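Reader: Before I set up any calculation on this protein, I would like a close look at a single part of it, placed in the context of the whole fold. Please give the cut-offs along the way.

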Amino acid sequence: MNKPRKKPEQLRSHRWYGVKDLRSFGHRSRTAQMGYHRSDYAGKPVIAVINTWSDINPCHTHFRQRAEEVKRGIWQAGGFPVEMPAISLSEPFQKPTTMLYRNLLAMETEELLRGYPADGCVLMGGCDKTTPALIMGALSMNLPAIFMPAGPMLRGNWRGDTLGSGSDAWKYWAELRAGNISEDDWGEIEDGIARSPGHCMTMGTASTMTSAAEAMGLTLPGAASIPAADSRHAQMATLTGKRIVDMVWEDVCPREIVDSRAIDNAVTAVLALGGSTNAIVHLIAIARRAGVALDLDRFDALARRTPVLANLRPSGKYLMEDFFYAGGLRALLAQLADLLDASAPTVNGRSLGENIDGAAVFNDDVIRPRARPLIERDGLAVLRGNLAPDGAVIKPAAMEPRLLKHAGHAVVFRDYNDMAARIDDPQLPVDADSVIVLQSAGPRGAPGMPEWGQLPIPKKLLAAGVRDMVRISDARMSGTSYGACVLHVAPESHIGGPLALVRDGDLIELDVPGRRIELQVEQAELERRRAAWTPPAEHYGRGFGAMYLKHVRQANDGCDFDFLEAGPPTPDPEIH
């Protein structure tokens, strides 16, 4: 990346501002209308600050202030900041699922950068789908870009016990349904589990994906681990703003950073963190936007060699605040140095190896040494078999070990509403050895592949002390979730995948060490069922939903739109 520094007349924004014609007169006069003098922007990089703040997104409530701190850094470095709001994908509130809209934010990011006089951009995200969406859009546009993570919230607390967002919600919801805590207890937990700005402080999808962004070189070193409420997070925002200005002059673009080395480093980091299964879908989509071939088999190969070193919920004990104090991602990556490609470039102009050199661990129970990992390998695992010809995933670190090899008879729910109506029926023919199956929860079936994969355990089994059992679906599950949940079954049931053919009482065999998921039904019987299967009606007949259903790919291919993943480069607009 040793290119000559750009000259002012080589800036992309020069086409808007620097030309002596009627159109540029309009651009300059309207900029003056906003209160800016020509000296504020003339010959300076215009930096788009893509801000996913919203009143409905609790993870990003501090982004109003952080945007100002990013802009302060841009001004100080001699750039001209332009804040541009983008759709805010709020995981707790947006229905049916933010995953339905990940590609919409990716499209919006790409087109904002293409349609306006941006020379580079700061991407402000953190809540689950915002991180991959922003990166996907920036990769497709390929202007100089740097990611600024939202940071995790502070630890929750209830009666002296530490609470982790998501993970403890599922845990105590089960205890409430089992009758072990009261409604008053539940109300106190509700008030104490999320008590500051920032995304989930467990190793859920948010921290998984911001950590992946750092490991692939798209953030300043150490940026992903800083709690949102910590003053060092504000400092990081300003330093991010400063750095993007130099990146524009140096012409450092994301496709020069996100190569096969960066992708493997990101996958390895996710595995060592005990990260979210959602990372598989998102990283495949990110990699393919960068022209890197990433598939489930590569994930599985890296999982077989990578230890889980982060003792973080839901797989372990601690939370992201503890992780930061223990040394953060830099310290964890330093423990993995021999499994990473240290030569990979990063946005600060140094290699990944240089960025993690000398990083120390300050609590070796939070960030385990290689000699004492939380789990020796297989933070995630890819399963195949006649039930999932194109693959399925599971998180062995978050399940009861007794279920790693299991066979049981299926209890099938045809969709989420069917499950919600019957799961707690005392007459439901289910026991602790049963395998719960949910159909029609995939990319097209739900629609949007919601986080329904941590299927609830029937109330009568909870009361009997059961806290984990095998559950199978074509859905995703929250990275904060846990359990023996087989997810992302592909192809999905909605388009006729084998999951659509499962019936009550069928024997299903799970073998995580052997990487198998098998439906023990004769092939002739499966063919009979397939002949009788009728494709369900589509959910949308118009609007974005109709476009989504027409173009979304399956989970094993990253759920990107087919026309966004590939195709010729889109030219810059003509300035007329």
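Author: Among contacts (heavy atoms within 4.5 Å) between residues at least 6 apart in sequence, 77% join residues at least 24 apart. This is a predicted model, in which local features need pLDDT of at least 70 and side-chain atom pairs count only at pLDDT 80 or more, while totals for chains, interfaces and linings use all residues. Residues are numbered from 1 along each chain as its sequence is written, and side-chain values use heavy atoms, with hydrogens and water left out.

The part to look at is R255, which lies in helix α11, residues 254-257; helices here are DSSP runs of H or I with at least four residues, numbered from the N terminus. R255 counts as partly exposed because its relative accessibility is 39%, a class that falls between buried, under 20% relative accessible area, and exposed, over 50%, with a 1.4 Å probe and protein chains only. Leaving aside residues up to four places away in sequence, R255 touches L139, S140, N142 and R289. A polar atom of the R255 side chain lies 2.9 Å from the backbone oxygen of L139, and the C-alpha atoms of R255 and A138, which are 117 residues apart along the chain, are separated by 9.2 Å.

R289, one of the residues that R255 touches, is among the buried residues of α13. That helix, residues 278-289, has 12 residues, and 12 of its 12 residues are buried. In the protein as a whole, buried residues make up 61% of the 576 residues.

Conventions
Helices (H or I, at least four residues) and strands (E, at least two) are DSSP runs, numbered from the N terminus. The expected span of a helix is 1.5 Å times one less than its number of residues. A polar contact is a pair of N or O atoms within 3.5 Å; within protein, one must be able to donate a hydrogen and the other to accept it, and residues adjacent in sequence count only if both atoms are side-chain atoms.
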